[in-house]
Amino acid sequence: MDVTTILEDGSSYAGRGEIHAGWILQGRAIQDVWMIPRLNQRRPGIEQLPGAGNWYGTTLRIYDPNLDAWRILWNDPATDVFTQQTGRARGRDIVQDGPDPRGGSMRWTFAEIEPASFHWTAERSLDNETWRKEVDIRARRM
């Protein structure tokens, strides 16, 4: 994946990472591992990607038929972040939203979903009206 972080002052930074994803729990859930930088580039003391840090975390997406939505847990011990979200289809996109552990709300959107690629954005809002993009990712299957 190609990663761009956008800071509050408008400056942006680029990095590269990788995602490993698959069905688990006999097809009842999806688990993925997101890494920035790529696994073969990780080493102690590596510089942090400004605005995001270096990720090494996992997502569990478990479908809840009572909600007709996905319950989503993200945990990244590398950056000390844990979040819970709810995900639903919105047209062709998948939108996950929930409280931001820093305060306010977060929204993660999977768009331009194709068999071998997707576009992912992370946004944050303090008032649920004004959203600021913090991370932009273009991912492709290798």
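**The sheet and its aromatic rings**

Mentor: Strand E8 (residues 93-99) and E9 run antiparallel and are joined by six bridges, where strands are DSSP runs of at least two residues, numbered from the N terminus, and two strands pair if DSSP finds at least two bridges between them. Within this pairing, Gly 98 stands opposite Met 106 in E9. The model is predicted, so local features need pLDDT of at least 70 and side-chain atom pairs pLDDT 80 or more, while totals for chains, interfaces and linings use all residues. Residues are numbered from 1 along each chain as its sequence is written, and side-chain values use heavy atoms, with hydrogens and water left out.

E8 and E9 belong to an open sheet of eleven strands, with antiparallel pairing and the order E2-E1-E11-E10-E9-E8-E7-E6-E5-E4-E3. At its edges are strand E2 (12-16) and strand E3 (18-24), each of which pairs on one side only. From one strand to the next the twist averages 20 degrees, with axes fitted as lines to C-alpha atoms and angles running from 0 to 180 degrees between N-to-C directions.

Turning to the rings, the structure holds eleven aromatic pairs; rings of Phe, Tyr and Trp (its six-membered ring) pair if their centres lie within 6.5 Å, and planes under 30 degrees apart count as stacked, over 60 as edge-to-face and the rest as tilted. Trp 34 and Trp 55 form a tilted pair, because their ring centres are 6.3 Å apart and their planes stand at 55 degrees. Since Trp 34 lies in strand E4 and Trp 55 in the loop between E4 and E5, this pair ties together parts that are 21 residues apart in sequence. Both Trp 34 and Trp 55 are buried (under 20% relative accessible area, with exposed over 50% and partly exposed in between, using a 1.4 Å probe and protein chains only).

Finally, the charged end of Arg 107 sits over the ring of Trp 131, 4.0 Å from its centre, the criterion being CZ of Arg or NZ of Lys within 6 Å of the ring centre and within 35 degrees of the ring normal.

How values were computed
Helices (H or I, at least four residues) and strands (E, at least two) are DSSP runs, numbered from the N terminus.
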